[in-house]
Protein chains: 2
Amino acid sequence: MQTPGRTKVKELLASKELGSDFVVKGWVRTKRGNKSVVFIALNDGSTISNIQVVANPEEYSEEVLKLVTTGSCIRVSGTLVESPASGQPVEIHAKEIEVYGTADADTYPLQKKGHSLEFLREIAHLRPRTNTFGAVLRIRHAMAYGIHKYFNDKGFFYLHAPIITGSDAEGAGAMFQVTTLDLNNLPKTEEGSIDFAQDFFGKATNLTVSGQLEGELGALALSEVYTFGPTFRAENSNTPRHLAEFWMIEPEMAFFDIKDNMDLAEDFLKYLVRYALDNCMEDLEFLTKMYDAELIDRLKFVAESSFERLPYTTAIEILIASGQKFEYPVSWGLDLQSEHERYLVEKHFKRPVILTDYPRDIKAFYMKQNEDGKTVRAMDVLFPRIGEIIGGSQREENYDKLLGRIREMGIHEKDVWWYLETRKFGTAPHSGFGLGFERLVLFVTGMANIRDVIPFPRTPKNAEF
Amino acid sequence: MQTPGRTKVKELLASKELGSDFVVKGWVRTKRGNKSVVFIALNDGSTISNIQVVANPEEYSEEVLKLVTTGSCIRVSGTLVESPASGQPVEIHAKEIEVYGTADADTYPLQKKGHSLEFLREIAHLRPRTNTFGAVLRIRHAMAYGIHKYFNDKGFFYLHAPIITGSDAEGAGAMFQVTTLDLNNLPKTEEGSIDFAQDFFGKATNLTVSGQLEGELGALALSEVYTFGPTFRAENSNTPRHLAEFWMIEPEMAFFDIKDNMDLAEDFLKYLVRYALDNCMEDLEFLTKMYDAELIDRLKFVAESSFERLPYTTAIEILIASGQKFEYPVSWGLDLQSEHERYLVEKHFKRPVILTDYPRDIKAFYMKQNEDGKTVRAMDVLFPRIGEIIGGSQREENYDKLLGRIREMGIHEKDVWWYLETRKFGTAPHSGFGLGFERLVLFVTGMANIRDVIPFPRTPKNAEF
């Protein structure tokens, strides 16, 4: 099946069929010209480049041409010819122009002049029509597709973890409550507490913070699975790095130890960066020119570097020995801040870094305990500009050790009985990690604010559109 | 990067390297034998077939072999040899067996005997280890991947619609509320109502019922987009066809009219059914044998049929003329029930059916109004066994007509100002549809209950795991 009734701009610009007639449809970026010729730059979102439409004003009524303004939507039929202008191989000599939708020049918010990213966030319903967000959203698509392709080609199965969850075992952060109870008239038990037995699911429920535990159930049956779904944090973090709603990819692999896990994470990230370089070069060139001069070089460097691997303990020694002044002083046992991670990556090693064997007290209950009694088989992948882009671990597969840790940390066994049972029946060594999708898109696009790499960001006090 | 440290069962069964040594890891399905030989059927989830491991009991301590029981997880190294047994090309002659995890025969719930699907729902954490759910989850993966591949190959962009939403404009059904307010101590305004200004997003929010409106924003910038994400209905429907949390695919295309939309929907569904036939035949054969003898024939038939297309009005005439007794009597203006849809598909036309031009009063506000003043350019695709599998429409692109309908239906303009603006600035003819992912998986697997085609179903009073 072909695109009905038109040829996409991307295909036209690559077409060799000079002299043939085509129909092209899209939104007008600019119109300029004089009494004898009009030039219309037309874009349909298929590519960052516009096709130039050349029209003879004498062939059209003045009323029609007046409606062709920035932001209007038109249909053009005409002949594809070689373009005399530089920077474009071809152009369309118009025979017919039809206006589908006008855009009043006085009220349409996206006029020719540049707009701040802050302003564009307020009109998130229109910003996909800009060069910047067209580029970001096309790259975002390519990264999502690359992720599915990578795992499918390797024989992983995509597992949909539940979004609404009845347990808060993961402890990864504050959660959003989900309820159908009438908040103006909450049912109470005899003891006076809220009667969640009357709620939709018969108990209190929340939005998931991670699909990992369910991913492990899948891996201990299908060997290699991954999740790719929305996750949520109800934290009041108004920073350029945090969203209340974001997408996460969590592969989980039976029979992988921590070394296999690191190999996969490194291979996966390099594959995605190469995928962007191979499939999104025009958009990357635009973003490099407009936002981040080092972007393409940085992507190429990461695609070709081998990641430095070292234990957390060694990293702490390096940070202490650095003489660098950090806002948060460094000592063994503390969680690393973004400033520490970036020092290691950008100043010390000058390449991506994988830290392993973190203190167990700052990591989650499910991580495999090392023999030293102090550390766990965790791994964080640290990237330039981003800091932590992946967090993962080998999982504790021993039932008694896992149960011990669950009790130490005060997790209710009744919330995780099903998770514990996978260690009781046919347990296996296994590992996995989580990649924040928007962190990846942030890295690949070179954008500075995470609100600018997701179509409709959800942040404190903001759930518009 | 290779699968570290082992070869998957799927690859082993296809291997021609007879006489070579391999390591295979997985879960024991059955063990049988006598004093001189032991046969272990081993599965790792990569395929529905097991690899047979043949071991000489004299080479192993009795303790080790005793631990090799149904459900235990083991590592085997051995030699790949041609199998004398029928139905399997090769087997492994074991040299070493290591037990990773035991499964006590008295307490492991998945012993050899068959289990009811109802029982397996109660142990959804273990059911992916069964043949049935292995098959269903592999097919589910293939369908998700096929969807992404189909759209990527066509130049569509994957757009992530928001999950938490501040507006209930779509009106597709009852919604779940999302809040971080302390339910035991709800803040009140001076007027005594709940003060949602203090809630996380500064207003009342819900879980999305559809990403369509945001999809339209994307299509009116990037031409062709699709969403694929979770959607929610807080309806107390305890049926084999309804979930409170399910996944939906919603393509949205600028410049498509209702005919283009039908062509795409038909091409898309046939592609997916063919994708399953081409990529999941072993699993389909199992499901055909165990659950639905007509499954493969039905899939082949749908992949090759042209779908019957007719207006709703004609369908009503056919139903009335049929003389068939329906539970819900038929008359023009009523929404069709599943029994009516299935009569048309299974009895009358004996093929998939696309109905168009439904009465506007039973359809959503955004559908394009026909000139007759009574109907809208809606389309529903009806499938055997399933009834409605896709619902879609050409959208109303005319600002005044859309606004008129919004006012008629009592939708708050302040909730949809952004949606209206797309008709104010550069509007274009456009269309789209929604496919319920679990309905698709239900059709392709031949399963009867929608709870059995999603890893962790959410239904009234049930949010386990």
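Axes are lines fitted to C-alpha atoms, for helices over the stretch in contact, and angles between N-to-C directions run from 0 to 180 degrees. Helices (H or I, at least four residues) and strands (E, at least two) are DSSP runs, numbered from the N terminus. The structure is a predicted model, in which local features need pLDDT of at least 70 and side-chain atom pairs count only at pLDDT 80 or more, while totals for chains, interfaces and linings use all residues. Residues are numbered from 1 along each chain as its sequence is written, chains are lettered from A and ligands numbered from 1 in the order in which they are written, and side-chain values use heavy atoms, with hydrogens and water left out.

In chain B, the axes of helix H9 (residues 312-321) and helix H10 (residues 338-349) come within 11 Å and cross at roughly 75°. H9(B) and H10(B) are therefore roughly perpendicular to each other, a term that covers angles of 65 to 115 degrees, whereas angles under 35 count as roughly parallel, over 145 as roughly antiparallel and the rest as oblique. Contact is taken as heavy atoms within 4.5 Å. On the H9(B) side, B:Ala315, B:Ile318 and B:Leu319 meet B:His340, B:Tyr343, B:Leu344, B:His348 and B:Phe349 of H10(B). By class, this contact comprises six nonpolar, two polar and no charged residues; Ala, Val, Leu, Ile, Met, Phe, Trp, Tyr, Cys and Pro count as nonpolar, Asp, Glu, Lys and Arg as charged, and the others, Gly among them, as polar.

Chain B also contains a closed barrel of five strands with mixed pairing, in the order S1-S2-S3-S5-S4. The twist from one strand to the next averages 55°. Two strands pair if DSSP finds at least two bridges between them. Strand S3 (residues 51-55) and strand S5 (residues 90-101) of chain B pair in the parallel sense over three bridges, and B:Gln52 stands opposite B:Glu91 in S5(B). Strand S4 (residues 73-82) of chain B runs antiparallel to S5(B) and is joined to it by 10 bridges; here B:Ile74 has B:Val99 in S5(B) as its bridge partner.

A:Phe255 has a positive phi of about 70° although it is not a glycine, and lies in the loop between strand S11 (245-254) and helix H6 (258-279) of chain A. A:Phe255 is buried, with a relative accessible area of 5%; buried means under 20%, exposed over 50% and partly exposed in between (1.4 Å probe, protein chains only). B:Phe255 likewise has a positive phi of about 70° without being a glycine. The loop that holds B:Phe255 is between strand S11 (245-254) and helix H6 (258-279) of chain B, and B:Phe255 counts as buried at 4% relative accessibility.
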